[in-house]
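This report describes a protein model together with its ligand. Please keep the sequence and the structure in view while reading.

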Amino acid sequence: MNRVYNFSAGPSTLPEKVLEITASELMNYNGSGMSVMEMSHRSSVYETIIQDCERTLRRLMQIPDNYKVLFLQGGASTQFAAVPLNLLSQNGKADYVVTGQFSKKAYSEAKKYGDIRLVASSEDKNNTYIPRLTKEDFRPDADYVHICFNNTIFGTKWDYIPETPAPLVADMSSCILSEPFDVTKFGMIYAGAQKNMAPAGLTVVIIREDLLGNASPICPTMLDYKVMADNGSMYNTPPCWCIYVAGLVAKWVEEDMGGLDGMKAYNQEKAEVLYDYLDSQDYYKNPNEKAARSMMNVTFVTGDKDLDAKFAKEAAAAGFVNLKGHRSVGGMRASIYNAMPKEGVVALVEFMKQFAKDNPKG
Ligand SMILES: *Cc1c(COP(=O)(O)O)cnc(C)c1O
């Protein structure tokens, strides 16, 4: 089996056990005589799949009963519009914090729909830190506050949950299921599934019930959370296959990784291997403030564009793929999501050491 260590930021590596289960069930799912890809989303066999997925996520994340779990399409980016269209319900105002490219896109999109205030931005230092904010920094009459919890491109993460007068909405695309989060601290959490949960095509929304039902009159039906909630995410055909895989991934976290506490411990171990090495030498540099370091996306540069390019190329040839950083940061980015085994990170660090030895800087 020639599997590589895949450090892609998304779509990204999935647990091998999950891939094996999907392969073994591909031709005949649970005696149905067909693949999950082929079955009606209204069939009883599929009903069990989607219900199991939701139940497992609820157990795993300890999602309270007064929150809905929605399985949607359109990626996290569609939520950049859906959030204001649903939640600018009282005063038409929302507060945004920009800490990277996705939160900036969310902010720009929201501006089409209401009075959107930029509360703080870390763009002044190329998003290498997370602003320290208190309740007083936010407008008391805003309908919601939006943040991006883990900044996939820049490799930073909020190290605290800000206190806000209005419900907090968080894009958790690249950190959901990586560690426990207190769901009750959020009005809504959303995540594109292709980082840590499933193949691309599914967006999970977890939303407090009292926030449903006040969508703007111009909100497209397909983006209306209430419509989706009332229809069990089946107003139309849901992303059936992705929901099936998300259920298997959630079960893997629960049964094989010790739930979100176990997952966090494992993710911390992995991240430490990489950050400890980065801190121990000066060939590679991580540009971010320590407090803001992401456990999922680790960025580093050599400081020399040609060396960076050489690194990405030689790493790929050695079986460490998708390490090229995003163009806005340059250098390298190792996305070490849940499914990346620790051996992959340890082996990457060995490769980094050898590369530094073989390519002294002039
Ligand atoms: C990948 C990502 C997005 C964009 O997700 P799509 O599903 O491609 O729209 C948004 N926010 C974060 C934090 C991401 O990591």
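The model is predicted, so to speak of local features a pLDDT of at least 70 is needed, side-chain atom pairs count only at pLDDT 80 or more, and totals for chains, interfaces and linings use all residues. Residues are numbered from 1 along each chain as its sequence is written, and side-chain values use heavy atoms, with hydrogens and water left out.

## The ligand site

Around the ligand there are 13 residues, of which Ser 77, Thr 152, Asp 171, Gln 194 and Lys 195 come nearest; a residue is near the ligand if one of its heavy atoms lies within 4 Å of it. Helix 3 (residues 75-87) gives the most to this shell, with four residues. Helices (H or I, at least four residues) and strands (E, at least two) are DSSP runs, numbered from the N terminus.

The shell holds four nonpolar, seven polar and two charged residues. Here Ala, Val, Leu, Ile, Met, Phe, Trp, Tyr, Cys and Pro count as nonpolar, Asp, Glu, Lys and Arg as charged, and the others, Gly among them, as polar.

| Residue | Part of the residue | Distance to a ligand oxygen atom |
|---|---|---|
| Ala 76 | backbone | 3.0 Å |
| Ser 77 | side chain | 2.6 Å |
| Gln 194 | side chain | 2.9 Å |

The protein covers 86% of the 390 Å² of accessible area that the ligand has on its own. Such areas come from the Shrake-Rupley method with a 1.4 Å probe.

Gln 194 is placed in the loop between strand 9 (188-192) and strand 10 (203-208). Is Gln 194 buried or exposed? Its relative accessibility is 18%, so Gln 194 counts as buried; buried means under 20% relative accessible area, exposed over 50%, and partly exposed in between (1.4 Å probe, protein chains only).

Apart from neighbours within four places in sequence, Gln 194 is in contact (heavy atoms within 4.5 Å) with Gly 10, Pro 11, Ser 12, Pro 199, Ala 200 and Leu 202. Between Gly 10 and Pro 11 the peptide bond is cis, with omega near -10°. Pro 11 belongs to the loop between strand 1 (5-6) and helix 1 (16-24).

## Helix 4

Which residues of helix 4 are buried? They are Ser 103, Ala 106, Tyr 107 and Ala 110. Seen down the axis of helix 4, these buried residues fall within an arc of 100°, so they line one face of the helix; the arc is that of the directions from the helix axis to the C-beta atoms. An α-helix has 3.6 residues a turn, so residues three or four places apart point the same way. The buried residues of helix 4 pack against helix 3, strand 3 (93-98), strand 4 (115-121), strand 5 (144-148) and strand 6 (150-151). Ser 108, also in helix 4 (residues 101-110), is partly exposed at 38% relative accessible area.

## Residues with positive phi

Most residues other than glycine have a negative phi, and most peptide bonds are trans. Asn 30 has a positive phi, near 50°. Asn 30 lies in the loop between helix 1 and helix 2 (44-61) and, at 64% relative accessibility, counts as exposed. For Asn 126, phi is likewise positive, near 50°. Asn 126 is in the loop between strand 4 and strand 5 and counts as partly exposed at 41% relative accessibility.

Key. A polar contact is a pair of N or O atoms within 3.5 Å; within protein, one must be able to donate a hydrogen and the other to accept it, and residues adjacent in sequence count only if both atoms are side-chain atoms.
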